[in-house]
Each structure stands twice: as C-alpha cells, then as structure tokens.
Amino acid sequence: MNRPPLPRGTAYAVLAALAAVVIIISTAIFLGTGGRDGRAATGTHENRGSAEPAATGQWVGSWATAPAAAEPNTANGFAGMSIRNVLHTSIGGTGARIQLSNLYGTVPLAVTHASLAVAAAPGSPAAAPGSMQRLTFAGQPTATVPAGGSLLSDPVRLVVPAGADLLVTTYSPTPSGPVTYHPHARQNSFIAHGDHTEEPLGTAYTTKTPYWRYVSAVDVWTQEAHGAVVALGDSITDGVTSTVGANHRWTDFLAARLRTEPGAPRYGVLNEGISGNRILLSNAPSPTANNLSGVSRFERDVLGRAGARVVVIALGVNDILRKPQVDNPQQIIDGLHSMVRRAHERGLRVVGSTLMPFKGHKGVVERQEVTRQGVNQIIRSGGVFDSVVDFDRTLRDPAVPERMLPAYDSGDHLHPNDSGYEAMARTLDLEALKGEAAAAL
C-alpha cells in the first residue's frame, strides 16, 4: 500500500532520533572496548565520544567551504561568544572530524571549547538527543589556530546521517583579530553570549547570522563512500540567490543524485565556491589577499580535501566581468590548464564547465560576450578537461543564446534560481565522475 511521504520536518526528526539511538549503542560498545590510545575508556565528560573510528573505512569530506575573507569590523573577533555553525552533510559516516581555519586572522585564534552535534531539525540550533560531542585537538579540549593557518580536530565517534544538518560550535574567550569567514553561506547559523558550546537545547542561541565562521571542513569516517567530488567555482557554485536554508545549490542537488540514483558513484560533494572568484587574479591585499584566485587556492581547497577523487571546475565568468577584465580567451584557458595539470599530478579527474550566459547583467558589453564564446569554443573542442559539462547549453535561452532562460533566471541575468541550479545538477553526467584522470591533455 502506498503511503504519502512524511513532511520534511517530521522525516528529519525521525532520522535524527534513529541516529541518536545508534550513537548510544555505538558509544556503549566503545566503552567496553577501550579508547583511541588502547586504554580503557572511562566514560568521563572529557573523553566522551573521542576515538579513532573502526579500522575499516576511510576519511572522506562530507562538507566544506572555502575561507573567503576577513570579516569586516571584527578586529576583536567574537571574544566571549559561542558561534554555532549550521552545516549540511552530503554523505554520512560513523565518525567525524572538523577543520578550523584562521586564514585571515592576524593573531593566533584561541579556542577553549568546541563541539559537534547532529541538529534536532533542519536549521535548528538544538542538538538531536545524545549527539552532542566535545571536540579535542591533539587530545586537549583547547586549541590554538595559528594566524594564517588551520587545525584539524581529533576524531569523535558520531553517527553522521547523510543529507542532515550538523552543528559545529566554537568558543573563544579572548580577542582573536579578524574573523575568517564565508559570507554567502545561504544558511542561517547562530551566536550566543557566553560559553554555551555544549548546550543541547540551543535556547541561548537567539542571534541568527548568515555567515559561516572559522569552520572550513567536516570529514566523516565511512565504509560506503569511495571519495569526494570537489566543486571549484564562483558565486554560481556558491549558490548565491538560492533559497536560504533549503540547500538548493547545484552541489546540493548533485549530492542528492549521488545518494539516490542507481549506479551513481558514492561520493561526498564539497562546495568550494566563492562569490566573485576568478581563475587568474585574487583581490587586492588588505593586508592579506582575500578571495584568492582559483589558481592560488587550488592546493588548499581542492587537492587538500579528504578523499578528493574528482574536481568540477566552473570558473572564468568573473575573469571576464570583473576589473581588470580579461579579453583574451587563451589567458583563461591557460589558467584552467594549469589547474588540470596539478589535479592530474595527484590522480584527480577533472570535469570542466562551459561559461554560463550573462547577457543583460549589469555592465555587460558586447566584447565580453565575444570572450565568453571564445572560451566555450575551446572548452567544447576538447583538450582542456577530462570531460565537459555544458552548463551554458543547459541554462541559455534557445531564442537568445547569449542570455539565461527566464525560467532559470533569478532576476539578475547572471545567477540561476533554484530551478536553474537543479537543472545544472541534472546536466552533469555521473559517469563522467568515474574513472581515472587522463594521462595527458
């Protein structure tokens, strides 16, 4: 007998409850088998949930974001405040670890308390019962992230559901200098005054914020996933104009396909889009260059991600649109070639996108369309990427190919709406994500 599907909130609550049951069971097993260093676990507050995962499996990225800039007006950081970031997973696992970034900080970031939990409901600051875990760093509950650096937490035992929200909370008691953040999260997170890092009900988190701060990755220990797809792009990959809190970026729709379609490779999906990002140029230094170019951040945001197997590159539009503007298509192609070579050196397969239409966007002139068409012609002719995804063909208006189809246009004639992002994800041939990198291009 066919039953109607559960409402989204109800289905999520059931998922979170089941995860909590598994967490309790797995923790009980762990308490009987010893801790991460082989000694008997005591079950005390300090080591609750901390452990190396089971021997079989691998670390694969489930979520990531690119540190984009120093947040304005944060010279003192968020001293004495708890930051609860809300993140959406692509794949699940039986253990987790997080990465904190102080890339744009000018002084060391002191984190005296950090936690990880499964959210009780989509977008909620409350934790699912039994899921709140204290994070440690090199065995200690406190950590210092050096200015310009990053830090990986110790693993914790936590059943992380696929397609669910996680809560990553940090507390710093002292001024930390400019905050490293990602401004276009398209997801509400939360802030509370005082140390409420392990508060499960989330009642202290009365301030909403549209940014992700400090956290840059969540990896899971998995026996199911075989690797991760890294999406390197600009504001279109970042999901600008997608519905806030709905997880309707094209990468989210791709993650859903990879979880559900028969024969799809079981990959995590990592969104490394930055609004305004270019292939060739970073923003001017102030004092550290923010919005680093694709070429400059390729090592950190692509090659450095756990389990990375394939990268989808969707960059080049801002090289044409932003000053100083690139008019020569070959300059853009040369930048793409340099990233493809580096990916191949690490064994990563590369899928590349054509540049999407922008006729009607503010300030666009005819010569920029000529450059875009020149880049797309070279990409379609082969020899740049292992495989091509033609996002231009998907989004363009057949009647006026230089502009976006109105049904997919968010209204600014550059960024897609939710339907456009979903169409992009449907366009990507999942078979193109499989296999090895080409020997040479």
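Visitor: Among contacts in the protein chain between residues at least 6 apart in sequence, what percentage join residues at least 24 apart?

Guide: This is a predicted model, in which local features need pLDDT of at least 70, side-chain atom pairs count only at pLDDT 80 or more, and totals for chains, interfaces and linings use all residues. Residues are numbered from 1 along each chain as its sequence is written, and side-chain values use heavy atoms, without hydrogens and water. Contact means heavy atoms within 4.5 Å. Among contacts between residues at least 6 apart in sequence, the share joining residues at least 24 apart is 79%.

Visitor: How are α6 and α7 oriented to each other: parallel, antiparallel, perpendicular or oblique?

Guide: Helices are DSSP runs of H or I with at least four residues, numbered from the N terminus. Helix α6 (residues 329-345) packs with helix α7 (residues 366-380) at an angle of about 45°, their axes 8 Å apart. Angles under 35 degrees count as roughly parallel, over 145 as roughly antiparallel, 65 to 115 as roughly perpendicular and the rest as oblique. The orientation of α6 and α7 is therefore oblique.

Visitor: Which residues of α7 make the contact with α6?

Guide: From α6, the contact involves P329, Q330, I332, I333 and L336. On the side of α7, the residues are T371, G374, V375, I378 and I379.

Visitor: What percentage of the 441 residues in the protein chain are buried?

Guide: A residue is buried when its relative accessible area is under 20%, with a 1.4 Å probe and protein chains only. Of the 441 residues in the protein chain, the buried share is 55%.

Conventions:
Buried < 20%, exposed > 50% of the residue type's maximum accessible area, 1.4 Å probe, protein only. Axes fitted to C-alpha atoms, helices over the stretch in contact; angles between N-to-C directions. Helix = DSSP H or I, 4+ residues; strand = E, 2+ residues; numbered from the N terminus.
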